[in-house]
Amino acid sequence: MRGDEVKDTGALVGTALDEVAVAVRDVHRALAARLFGALGDAGTPVRLMHDGISAVAYTSTRVGVRVLPPVLGAAAGAVRDPVAASAHDSPLGRFALGALNGLWGDRLAVTRRTIAPAMRLRTHEGPMRRIPSNVAFDAGGRATGRIVLFLHGLCENDLSWWLGAEKHWGDPAVTFGSKLRDDDGWTPIYVVFNSGLHISDNGRQLADRIGELVAAWPVPVTEVALVGHSMGGLIARSAAHSAHESGLEWVAQLRHVIGLGTPHLGAPLERFVARGTHRMSRLPETRPFATWLNRRSVGIKDLRHGAVLEADWAGWDPDTCLDDRCTDAILIPGVQYAVASATLSKRPHGLLAHDLLVQHGSAHGIGPTRRIGFEPERTFHIGGKHHFDLLGDPAVYATLRGWLAAPVPS
């Protein structure tokens, strides 16, 4: 890690520990208030002694956790090699930062920017290099006119597309992208982004980055495809919508938008947490836990109902309003949309009609009150699999390849 990254990591640890200490303190105070309230005036002397001791204990604890980790981080950062590799460029660092930013990325983008990943594009071989003019891109010498961009999910990173490669293909270097490159001449590009930001913000930024990419591509671009896993599928839809609404030129080359295990109508775990914190906030003893949990990123909260547009979240508090206020991003004419789901059960119904994180109906845009008009012939289900099997399973690849090879109606 670079010195500035070490420093920000230390500061983040201090902030996180302080928030935990505050939650514990507030729960303690609420429980004590209820107990001493039941005792009445007889408990006043003990209460005064208790309050004084606990105040000193919690204050000293907070001072310690707020000061010590940042000081240690700053000291360690000061002695780091100024040319040390960034955590964003190492596999372990990317996995750790991807998970961290999925949880708190919106805050880190403002307060600890060195450990919040900026949106980057990577080739199968590694970082995408730019010439000094900042105009042209190098795609590892394999640039073709067909570009497929892969978008990871919440708490993931670009290396997630390599998960299970050895298991599925017998080669740790194989991904859907490398297979499409070798089989059909697509140029794979992997997008790295801060999954803790609003989906609509990432979508708008991606739309602009694709415009820059297409404009600087070394050969004429004939086809663009977006493939997203989980949250990445929502960002793909959001980027396509944003580009269409803004009249960006690259939309003319957009042919496919594909979601793999994408919660188009929301994710049950986020809805469960939202309802839980809403109820917990009513009691003083549990309100501190609700406050702490509500610090999860806006990216996670967008997954509650599948918010892909700014209008889906702007102007209301997601911690108090639990209703589905999402509108469906338009399905752009001339673009083929496709969706795939996995379920733990062999068949896509019943209690196990989910992949651990996303329900079958949500992945296919079918819900009791809202429905997205995906064409039935461009949907796919695989049974007996989980959420992360969708990143590399050969059956999913065969379907994906078929979708990308299908001619787009004029």
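I count a salt bridge when a side-chain nitrogen of Lys or Arg is within 4 Å of a carboxyl oxygen of Asp or Glu. I am working on a predicted model, where local features need pLDDT of at least 70, side-chain atom pairs count only at pLDDT 80 or more, and totals for chains, interfaces and linings use all residues. Residues are numbered from 1 along each chain as its sequence is written, and side-chain values use heavy atoms, with hydrogens and water left out.

**Entry 1: salt bridges**

I looked up the total first: the structure holds 27 salt bridges. I then picked out Arg2. Its side chain pairs with Asp4, with the closest N and O atoms 3.1 Å apart. Arg2 also forms a salt bridge with Glu5, at 3.5 Å between the closest N and O atoms.

Next I checked exposure. My cut-offs are under 20% relative accessible area for buried, over 50% for exposed, and partly exposed in between (1.4 Å probe, protein chains only). Arg2 counts as partly exposed because its relative accessibility is 28%. Asp4, at 33%, is partly exposed too. Glu5 is buried, with a relative accessible area of 1%.

I also looked up Arg112 and Asp8, whose side chains meet in a salt bridge (3.9 Å, N to O). Arg112 lies in the loop between α3 (91-111) and β1 (120-122), and Asp8 lies in helix α1 (residues 3-39), so this pair ties together parts that are 104 residues apart in sequence. I take helices (H or I, at least four residues) and strands (E, at least two) as DSSP runs, numbered from the N terminus. Arg112 is partly exposed at 23% relative accessibility. Asp8 is buried at 12%. Salt bridges with shared partners join Arg2, Asp4 and Glu5 into one network.

**Entry 2: helix α8**

I turned to α8, which runs over residues 268-280 and has 13 residues. From first C-alpha to last it reaches 18 Å, close to the 18 Å expected at 1.5 Å a residue. The expected span is 1.5 Å times one less than the number of residues.

Which residues of α8 are buried? I find Glu270, Arg271, Ala274 and Thr277. Seen down the axis of α8, these buried residues fall within an arc of 135 degrees, so they line one face of the helix. The arc is taken over the directions from the helix axis to the C-beta atoms. On the other side of α8, I find Leu269, Phe272 and Arg279 exposed. I then asked what covers the buried residues; the cover includes α9 (287-293) and α10 (298-302).

**Entry 3: a nonpolar surface patch**

Leu269 and Phe272 turned up again, in a nonpolar patch on the surface. Other members include Phe95, Leu163, Leu344 and Phe388. Together, the residues of the patch have about 980 Å² of accessible area. I take areas from the Shrake-Rupley method with a 1.4 Å probe; for residues, only the protein chains shown count as cover. Patches are made of residues with over 30% relative accessible area and no salt bridge; like charges are joined within 9 Å, nonpolar side chains (Val, Leu, Ile, Met, Phe, Trp, Tyr) within 5 Å.

Leu356 is also one of the patch residues. I place Leu356 in the loop between β8 (336-343) and α11 (360-363). Leu356 is exposed, at 56% relative accessibility.

**Entry 4: positive phi**

I checked the backbone of Leu356 as well. Its phi is positive, about 100 degrees, although Leu356 is not a glycine. Ser230 also has a positive phi, near 55 degrees, and is a residue other than glycine. I find Ser230 in the loop between β6 (223-229) and α7. Is Ser230 buried or exposed? Ser230 counts as buried, at 9% relative accessibility.

**Entry 5: His241**

I followed α7 (residues 231-246) to His241, which lies in this helix. His241 is buried, with a relative accessibility of 13%. What does His241 contact, leaving aside its neighbours within four places in sequence? I list Leu309, Ala329, Ile330 and Ile332. Contact here means heavy atoms within 4.5 Å.

**Entry 6: Gly367**

Last, I looked up Gly367, in the loop between α11 and β9 (379-383). Gly367 is partly exposed, with a relative accessible area of 25%. Gly367 and Gly383 are 16 residues apart in sequence. In space, their C-alpha atoms are 20 Å apart.
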